[in-house]
Amino acid sequence: MKVSLTGAAETLLAPLYARALDARSPRPLLADPVAEELLAKLDYDFSRLGMRQSSAIGVALRARYFDQRVREFLAAHPEATVLHLGCGLDSRLQRIAPGPDVRWFDVDQPDVIELREQLYPPRPHSETVAASVTDPKWLARVPTGRPVLVVAEGLTMYLAADEGPRMLRSLVKHLARGEMVFDTYARFAVRSTRSMALFRQTGARLAWGVDDPRELERDVPGLRLVKAASAYATAADADLRHLPLVLRLRLAFDTEVLSRLPLLRRVGHISRYAFGEDERI
Ligand SMILES: C[S@@+](CC[C@H](N)C(=O)[O-])C[C@H]1O[C@@H](n2cnc3c(N)ncnc32)[C@H](O)[C@@H]1O
């Protein structure tokens, strides 16, 4: 299947490739079998994305961290709605395999959803939404009155600086109560990505940076920060033990050394926010 995505949409191929590299490794961290299957179906030169095994580890750890939070939320709220924003070709829905009372929405731009629908068969209690996440019209399809988990991995940095907070304000306004989990890059990190192969090759530009996750409590009334983790701090010791030595050293350096440097600690965050009246969320 020929892939004709460009710009921000094309960037989804990098984390997809990373998850396939992880699945191929002797001791996968995420172990996503679908990524490998999709790769075999796509006619695309993945080597142009500049993704190496060491970066793939970071992507797999990040995805696993998000998956874990989705599982925890659904264990506490089996009748929840999940909004998976900027889903790309990620198989989070298949990995989580939620129970029958969960409603799941995979949202991305129309050209991505068109490709996604050719690769994934329809699944009960789930639907795809072909829309920009910044256009609140699609929210009319989301049922109200249920706890909602909004999950957005690798999305916020592609939004314009005014669009990101506006999108969050619409979500808080429309949805009764719930939680959001998403990653952000600091402003200097957003500016410094231009020379990276992924952005040179795809033409995508990052725009929205967040230096301190608490900024969003001010910009988005009703949002309460629950936890912000450094993007470097998602690895557990057990992750390191079985990796080849070179990768182990690289990852240990990232997690043990880089995460202690104040500047790099601020490169990016994965943050959880609660919203709505229900304090139990
Ligand atoms: C780096 S990819 C991440 C994809 C997926 N979350 C993953 O981890 O594999 C960024 C995704 O954000 C999507 N995206 C960027 N801007 C968007 C927008 N305004 N509305 C919907 N999706 C958007 C892109 O189409 C792309 O699928």
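Predicted model: local features only at pLDDT ≥ 70, side-chain atom pairs only at ≥ 80, totals over all residues.

I started with the shell around the ligand and sorted it by class: 11 nonpolar, 6 polar and 4 charged residues.

I found 21 residues surrounding the ligand, and the closest are Gly 86, Asp 108, Gln 109, Val 133 and Glu 153.

The side chain of Gln 109 puts an N or O atom 2.9 Å from an oxygen atom of the ligand. Val 133 uses its backbone instead: an N or O atom there lies 2.9 Å from a ligand nitrogen. For Glu 153 I also landed on the backbone, where a polar atom is 2.8 Å from a nitrogen of the ligand.

How much of the ligand does the protein bury? Alone, the ligand exposes 590 Å², and the protein buries 96% of that. I also noted that α1 (7-10) and α2 (13-24) are the elements giving two or more residues to the shell.

New page: strand β4. Why is β4 (residues 147-152) largely enclosed by the rest of the structure? Because 6 of its 6 residues are buried. I looked at each face: Pro 147, Leu 149 and Val 151 are buried on one side, and Val 148, Val 150 and Ala 152 on the other.

Last, the neighbours. β4 pairs in parallel with β1 (residues 81-85) over 5 bridges, and His 84 stands opposite Val 151. I traced β4, helix α7 (residues 163-174) and β5 as a right-handed β-α-β unit.

Key: Residues numbered from 1 in each chain as written. Heavy atoms only, no water. Near = heavy atom within 4 Å. Polar contact = N/O pair within 3.5 Å; in protein donor to acceptor, adjacent residues only side chain to side chain. Areas by Shrake-Rupley, 256 points an atom, 1.4 Å probe, with all protein chains shown as cover. Helix = DSSP H or I, 4+ residues; strand = E, 2+ residues; numbered from the N terminus. Nonpolar A, V, L, I, M, F, W, Y, C, P; charged D, E, K, R; others polar. Buried < 20%, exposed > 50% of the residue type's maximum accessible area, 1.4 Å probe, protein only. Pairing = 2+ DSSP bridges. Right-handed = clockwise from strand over helix to strand, strands pointing away.
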